[in-house]
Amino acid sequence: MTAEPAAPKSKLILASASPRRLALLQQAGLEADALLPADIDETPLKGESPRALAIRLASEKAAASAKVRAAHDELKQSYLIAADTVVSVGRRTLPKPETAEEAEECLQLLSGRQHRVYTAVSLITPRGFERKRLVEARLRFKRLSSMEIDGYLASGEWRGKAGGYAIQGLAGTFVVKLVGSYTAVVGLPLYETVSLLAGEGYPVLQPWFAKA
């Protein structure tokens, strides 16, 4: 009697080059088989709400990455995850600063105030279907002194981060209150991401047993 061939391993693509999102996947016991970051225009549309922006950008990142996936035969049957994070004060969407001046403006706005973080996740299945989730978290920063702001700007952690800060770094000391998913604020909500994958048949627990 010949043994049946092993079922092909389900592959996973992360549509991001973010080390934070990759580390969060690994925290859930998942390893990305490929990183296919998507380069899209992230400019908000006129009148677009922060939550709508997060959903649209995650979906557009997933679609752009899926086009690249289609060009690689070994990846065509992969599950593809994309995400986007947006920070807002009221209806105002804060940028992902590229200059210290932009970052300082963000920190001044966040100082002593409550703000919201929206992270959207888009999953493209091997059959090409899209599934989406949006996660909202509410945070409040302490009132920041000029020295704290100057020190954070000097650290460079703000560069390219939504709202001008990274909660998993030095800015974690600014957070007085967080209501919602910490991993969503970092950039990839693990509960929702794993639930999406499991719901579409990806064997999320298989790596857990392999660790035994």
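This is a predicted model: local features need pLDDT of at least 70, side-chain atom pairs count only at pLDDT 80 or more; totals for chains, interfaces and linings use all residues.
Glu104 has its place in helix α3. Helix α3, residues 100–110, supplies the largest share of a negative patch, namely three residues.

**Negative patch**
- The residues that form the negative surface patch are Glu98, Glu101, Glu102, Glu104 and Asp150.
- Glu104 has a relative accessibility of 32% and therefore counts as partly exposed, a class that lies between the limits of 20% and 50%.

- Leu205 is located in the loop that runs between α6 (190–199) and α7 (206–210).
- The relative accessible area of Leu205 is 42%, so this residue is partly exposed.

**Glu130 and its surroundings**
- Strand β6, which spans residues 130–141, contains Glu130.
- Glu130 is classed as partly exposed because its relative accessibility is 29%.
- When neighbours within four places in sequence are left aside, Glu130 is in contact with Ser59, Ser122, Leu123 and Ile124.
- Between Glu130 and Leu80 the C-alpha to C-alpha distance is 9.4 Å, while the two residues are 50 residues apart in sequence.

Technical notes:
Residues are numbered from 1 along each chain as its sequence is written. Side-chain values use heavy atoms; hydrogens and water are left out. Helices (H or I, at least four residues) and strands (E, at least two) are DSSP runs, numbered from the N terminus. Buried means under 20% relative accessible area, exposed over 50%, partly exposed in between (1.4 Å probe, protein chains only). Patches are made of residues with over 30% relative accessible area and no salt bridge: like charges are joined within 9 Å, nonpolar side chains (Val, Leu, Ile, Met, Phe, Trp, Tyr) within 5 Å. Accessible areas come from the Shrake-Rupley method with a 1.4 Å probe; for residues, only the protein chains shown count as cover. A salt bridge is a side-chain nitrogen of Lys or Arg within 4 Å of a carboxyl oxygen of Asp or Glu. Lys and Arg count as positive and Asp and Glu as negative; His and the chain ends are not counted. The place of a charge is taken as NZ of Lys, CZ of Arg, CG of Asp or CD of Glu. Contact means heavy atoms within 4.5 Å.
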